[in-house]
Amino acid sequence: MYAAPAPGGEDFSRPGARAYAAEWARAVRRLGFVPLSAVETERLLIVHTVRLANALLAPTFSAQAAENVGRGLVEAHLTEPGVRDWSVRALGDHFVARVLPARAERPEERERVAALQGGLSAGFARALRDRTFSQQERIARSAWQARDAVEQALRDSEARFRAVFTGAAIGIGIAGIDGRILDVNQSFADMLGYPMEELREINVASLFHADDAAGMWELYQELIEGKTDSARVEKRYHRKDGSVVWTDLAVSLIRYDDGRPRFTVEMIEDITERYELQQRLRFQALHDPLTGLPNRTLFFETLGGVFDTAGEEQRVGICFLDLDGFKAINDSLGHDLGDLLLTVISRRLADCVAGRGHLVARMGGDEFVILVDSGGGLDDAVEVAELALAAVSAPVHVGDQQLAVSASIGIVECPAAETNVSELMKAADTTLYWAKAEGRGRWAVYDPERSAADIARSALAAGLPAALDRGEFVLHYQPIVSLLDGTMLAVEALVRWQHPELGLIGPDRFIGLAEETGLIVRLGAWVLRQACRDAEGWRRAYPDARLVVSVNLAARQADDPAIVDTVAEALSRTGLPAELLQLELTESAVMGTAGEPLRSLRELADLGVRLAIDDFGTGYSNLAYLRRLPIHCLKLAGPFVEGIRADGADVAADHRDERIVDALVRLAHALELWVTAEAVETEAQAERLRALRCDTGQGRWFGAPVPAPQIRARLAGGEEAA
């Protein structure tokens, strides 16, 4: 393809053209990065060499071929300024001598060579002008550098640069290293709202936004000091009318040949709309759409920042707020009114701490949190909590409804170094639960010791089911003794937990947990079966003793429709006579009994089981109602018995308690009920109860709760004594 003879009969396939192209290729590869292989580069430049020679020999001369060669160099990504410079110089210095030695002495060839030089440079420059925005800075820089090398190329490059500079859609400005504006294009002037002439008379510093000024001068200083040759930032400028425009700014430093800073070139694009959209999207991502308050994401982002920057002495405090009874309002009045209520409450919370530097956020639902920004310690947090409670408690008018709302607040305030975000929020949630449990409409302060106790309590609750499956519960029995002759007539079964790590745990630590979790039904059934099993063993060994076993029945057990079957099954499996089993129920549970539970009590009584009221005197004490129930025994509450002392500490109180016990015993006997006094601790108490005709007593004076074998030993001792 390269062997076609040129006009005039000369053949460019001979070594001269190829040698020139090879030298050109070596120069190109030496001057900069070349995306082609050596063979591909030489092949391309042979084509360009032939084009230049053909143009030089054409009867009608045109520099268009040279322009095409210049454009071809750019299209092949041979865009280093040195490539163009070498190509132009080589075209004038020895192109004719190397490629067309026969025409080297012709004077007219010099004019054509000069025109080809200009055409190649022009084509190269025009192609650069068409490159993307990212190469515009290089075009400008090339134009300045080309002026020092080739005057003709300088004029062409200046024309190209001016076309780009003037017609660019983005703003382009040139400033001295002192900040004085040297030149700007129309887009720059329109963007900032200034006439171009006025901009050329001011310093760029006067355009900086006040919040960005320091950072921009640092950026310029780094450029001038040579730490960087370019930078790109998003920054604000002041328009002439005082408004603000957000820009994407690219700054480049242009140097003299000796490396000294010469001027800076700024390219700016107006991104105000994009920035405002980003801000709106960020606001939506970080704020609650209903109330407009910061959401949990922004809250945790801010709280994390507090911990990241906290000094050794800095403290952090939060108030975790939850509306009381909001679900009932939402369900009864509808979600629309509920949303209006949340909007009003959120506005009040924000207003009540306005100007104090506190962040109010909605965590979700009816939960809000206030990040207390103050060095006043716990007092500041408490003050904020009281302000919030007062703001919430004011009547709220939504639609045609007037609502009374209250809230509970958990307060946590501590040194930032002693906690983290997760632990802080866990403590706040726990404290909020305490506030609600204590009556709502109030605040509570986090107590590490109470929290540790709650955690231990939760651990016990979690371990209850497995403990029952593993058989870790045991029964102890406390004697119930006749106050007339001291005979042991019954025992009360008291459950204990033989914990593998904590040892023997009393019922006060786990019975309440069993009731809360519902495990009390299973646990109570086990206690009932084991107590019947032990009692039957004593009966078989000592049939004359007729020892009654008394088992506590929780309210949930009494309400269980299967309670009668459970008791009947326990008696059937163990063989214990029903009259030797007594079931104890609390006074409040029995007095509120109606419907199915009442039928269950009657059916239990029909089985022959004895029923007793435990802790009588602390609840309803409704004897008129009590007489209609199938009750056999009343157990007087311990506080009345404890009040009967012999130390004379409070004679008047002693007499009051003694009169109460006397009245209760008389009324119980009038209803033909047996009376047992609990918590008998001294001989004096036992004597006074005996004098009041109380039937039996129970307490440490008659014996502490002991395992079943010790009850058997006591029965054996009693039989031997008899």
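I began with Arg296, which is partly exposed at a relative accessible area of 40%. This is a predicted model, and I kept that in mind throughout. I placed Arg296 in helix α13, residues 296–309. Then I looked up its distance to Phe368. The two C-alpha atoms are separated by 9.1 Å. Along the chain, Arg296 and Phe368 are 72 residues apart.

Next I checked backbone angles. His77 has a phi near 65 degrees, a positive value in a residue other than glycine. I found His77 in the loop between α3 (64–75) and α4 (81–93). Its relative accessibility is 47%, so His77 counts as partly exposed.

I turned to Arg693. Its phi is positive as well, about 65 degrees, and Arg693 is not a glycine. Arg693 sits in the loop between α28 (683–691) and β21 (696–698). Is Arg693 buried or exposed? I noted a relative accessible area of 64% for Arg693; exposed means over 50%, so Arg693 is exposed.

Then I looked at the surface. Leu378, Trp443 and Val445 form a nonpolar patch there. Together they have about 210 Å² of accessible area. I traced Trp443 to strand β12, residues 443–445. Trp443 is partly exposed, with a relative accessible area of 30%.

Last, I looked up a helix pair. The axes of α20 (residues 520–541) and α22 (residues 563–574) come within 9 Å. They cross at roughly 30 degrees. That makes α20 roughly parallel to α22, because angles under 35 degrees count as roughly parallel. I also noted the hand: the crossing of α20 and α22 is right-handed.

Technical notes
Residues are numbered from 1 along each chain as its sequence is written. This is a predicted model: local features need pLDDT of at least 70, side-chain atom pairs count only at pLDDT 80 or more; totals for chains, interfaces and linings use all residues. Side-chain values use heavy atoms; hydrogens and water are left out. Patches are made of residues with over 30% relative accessible area and no salt bridge: like charges are joined within 9 Å, nonpolar side chains (Val, Leu, Ile, Met, Phe, Trp, Tyr) within 5 Å. Accessible areas come from the Shrake-Rupley method with a 1.4 Å probe; for residues, only the protein chains shown count as cover. A salt bridge is a side-chain nitrogen of Lys or Arg within 4 Å of a carboxyl oxygen of Asp or Glu. Helices (H or I, at least four residues) and strands (E, at least two) are DSSP runs, numbered from the N terminus. Buried means under 20% relative accessible area, exposed over 50%, partly exposed in between (1.4 Å probe, protein chains only). Axes are lines fitted to C-alpha atoms, for helices over the stretch in contact, and angles run from 0 to 180 degrees between N-to-C directions. Angles under 35 degrees count as roughly parallel, over 145 as roughly antiparallel, 65 to 115 as roughly perpendicular and the rest as oblique. A crossing is left-handed if the near helix is turned anticlockwise from the far one by less than a right angle, and right-handed if clockwise.
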